[in-house]
Amino acid sequence: MTTTTPSPVYYARRFNEYMAELWRRRDFVWFLARGNIKARNASTVLGLAWWVLNPLLLGFVYFFIFGLIFPTQRDIAYLLSGIFVFHYSSQSMSGGANSIIGNSKLLVNIRFPRLILPIAFLLESTFGFLASLVVLYLIVIPFADVIPGPSILWLLVALPLQIVFNLGLAAATARLAVPFRDITNLIPYLTRIWLYMSPIIWPLSMLESVSETFQGLFRLNPMFPIIAVYRTALLGYPLAQADLVAMVAWCLAIGVIGVAMFIKFEGRMVRYL
Amino acid sequence: MSAPAIKVENVWVRFRPYVDRRPTLRRSLATFRHKETQLVEALKGVSFEVQKGEAFGVVGQNGAGKSTLLRVMARTLRPDEGRVVVRGRMSTLLQLGVGFNAQLSGSRNIYLGGLVAGLNKKQVDERYDEIVEYSELGDAIYRPMKTYSSGMFSRLAFAVAMHLDPEILLLDEVLAVGDEGFKEKSMATMHELLDRSGSIVFVSHAVRQLADFCDRAAWLDEGRVRAIGEAHGVVEEYREFVQRRRKELRAQGLA
């Protein structure tokens, strides 16, 4: 085994070699994610219960504010499905950046494809997301009269696509936030604006009251088609083909751009830690 | 002679201070505007080779570039100029227990430590029993590592690192860990590695120990190799230099 530095990208000369190396180290990704989950479970009193409590509390807070205090959205199924899907993507921004910044010792000392760290975070958060979907049904089946139908098979399309989207988002944020730590401060605010721009706390019918230009702007938000496809899967909403096409396009584009940005930067990463 | 295990060729590493200070957007904009960046050159054209079966030491004062050099050899830091060719499986002990999660048991950390270094789960499975036995931790292996004493911690870290079947080992300040008994064992393991024509690069301020252990050594001074050769000779030269410097400083202080 001979390796020479520098090479064009940090870890491997070609993209497919990089991906092969990632695949070779899949056990590491799995242990890293599981280790983080175990450590978290072990250090809290309620442990495993937080998998249910977290989404429950998240859903409760938003329903309390936007369903009861400022009743902009009383449809709890609509609200919670949106919140859980949104949260899964938005947390990959801070999580992606932290997975690099918080592991600086590891990065400085050991050579491995750096993308492993955001991927492990993504895996961890995917478990959380799946748990939140269980919570969603626990609430909406009794309270909103929603019964999951065969449309739930759309999850098999929506989830892999969103994973690609989130990976791109996590990788791009890490790429930008490692040299510019300021960005970690901005993330919570960007997330909040993104939330208000997404069809979660306001009903889709609200769009009809704004001009077509505005409507177009709102629809440019990648969360728009993503949440729409999820609502088809989870709640049986009719599927608009345009949403499906837009979701595929957004997820692939963000995934490819984010990962490419990350890999190109990888060789310089240690200099900023 | 067979090809060297590590070949460092004319390596330059420059840091821009604003980079070191964790650039903010503002500072970056400032440097962007002025375009003048003050460079700190951590390594200035360093070249040497480490042969197979050789223990190679690196000495030098604080800030001489030793850690930067180790990172370049570990290939976590890409040099600005020059290149590093490594032939063989490398294991690094730049810091003991990197990749460990103190919340988790020693047992799980054996897996984490092995996987982070590039093994797969099956390969760790095969080595697991040997690692536990080598570490002499007994049932403590099932306790979270945060309950370990520092000696227990480094014993496990060392046991994991040595069972990765390294052909090249990079050591920063750690040559032997644990109590006297374990130290002897860890030294014996190092010598076994060298006998199998593995290579060890050892960076340390414990220059006597370094001179005794290493075959050859390099003295790094302000980013340049000031002397290279038989370990005792290089270390002696370095020690004389340090003593001379100290005398000069003392004389200045008295004047």
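Q: Leaving aside neighbours within four places in sequence, which residues is Ile227(A) in contact with?
A: In this predicted model, Ile227(A) is in contact with Gly82(A), Val85(A), Ser198(A), Pro199(A) and Ile200(A). Contact here means heavy atoms within 4.5 Å.

Q: Why is Ile227(A) called buried?
A: Buried means under 20% relative accessible area. Ile227(A) has a value of 0%, so the residue is buried. Its place in the chain is helix H10 of chain A, residues 223-235.

Q: How far apart are the C-alpha atoms of Ile227(A) and Ile83(A)?
A: They are separated by 9.2 Å, while the two residues are 144 residues apart along the chain.

Q: Why does Val61(A) count as partly exposed?
A: The class partly exposed runs between the 20% limit for buried and the 50% limit for exposed. Val61(A) has 40% relative accessibility, so it counts as partly exposed. Val61(A) sits in helix H3 of chain A, residues 50-69.

Q: What makes the nonpolar surface patch that includes Val61(A)?
A: The patch is made by Phe60(A), Val61(A), Phe64(A), Leu68(A), Ile69(A) and Phe70(A), and covers about 600 Å².

Q: Which residues touch the most other members of the largest nonpolar core?
A: They are Ile110(B), Leu156(B), Ile200(B) and Phe213(B), in a core of 83 residues. Helix H6 of chain B, residues 150-162, gives the most to this core, with eight residues. Apart from it lies another core, of 48 residues, among them Phe84(A), Leu155(A), Leu195(A) and Met223(A). In soluble globular proteins, nonpolar side chains tend to be buried together.

Q: What does Ile200(B) touch, not counting residues up to four places away in sequence?
A: Ile200(B) touches Glu54(B), Ala55(B), Phe56(B), Leu169(B), Leu171(B), Met190(B), Leu193(B), Leu194(B) and Phe213(B).

Q: Is Glu222(B) buried or exposed, and why?
A: Exposed means over 50% relative accessible area. Glu222(B) has 56%, so it is exposed.

Q: Which class does Arg75(B) fall into, buried or exposed, and why?
A: The relative accessible area of Arg75(B) is 7%, so Arg75(B) is buried, given that the limit is under 20%. Arg75(B) lies in the loop between helix H3 (66-73) and strand E4 (81-87) of chain B. Its phi is near 60°, a positive value in a residue other than glycine.

Q: Why is Arg239(B) called partly exposed?
A: The relative accessible area of Arg239(B) is 23%, so Arg239(B) is partly exposed: buried would need under 20%, and exposed over 50%. Arg239(B) is part of helix H9 of chain B, residues 231-254.

Q: Leaving aside neighbours within four places in sequence, what is Arg239(B) in contact with?
A: Arg239(B) is in contact with Val207(B) and Arg208(B). The C-alpha atoms of Arg239(B) and Arg208(B), 31 residues apart along the chain, are separated by 9.7 Å.

Conventions
Residues are numbered from 1 along each chain as its sequence is written. Chains are lettered from A and ligands numbered from 1 in the order in which they are written. This is a predicted model: local features need pLDDT of at least 70, side-chain atom pairs count only at pLDDT 80 or more; totals for chains, interfaces and linings use all residues. Side-chain values use heavy atoms; hydrogens and water are left out. Helices (H or I, at least four residues) and strands (E, at least two) are DSSP runs, numbered from the N terminus. Buried means under 20% relative accessible area, exposed over 50%, partly exposed in between (1.4 Å probe, protein chains only). A nonpolar core is a set of buried Ala, Val, Leu, Ile, Met, Phe, Trp, Tyr and Cys residues joined through side-chain atoms within 4.5 Å. Patches are made of residues with over 30% relative accessible area and no salt bridge: like charges are joined within 9 Å, nonpolar side chains (Val, Leu, Ile, Met, Phe, Trp, Tyr) within 5 Å. Accessible areas come from the Shrake-Rupley method with a 1.4 Å probe; for residues, only the protein chains shown count as cover. A salt bridge is a side-chain nitrogen of Lys or Arg within 4 Å of a carboxyl oxygen of Asp or Glu.
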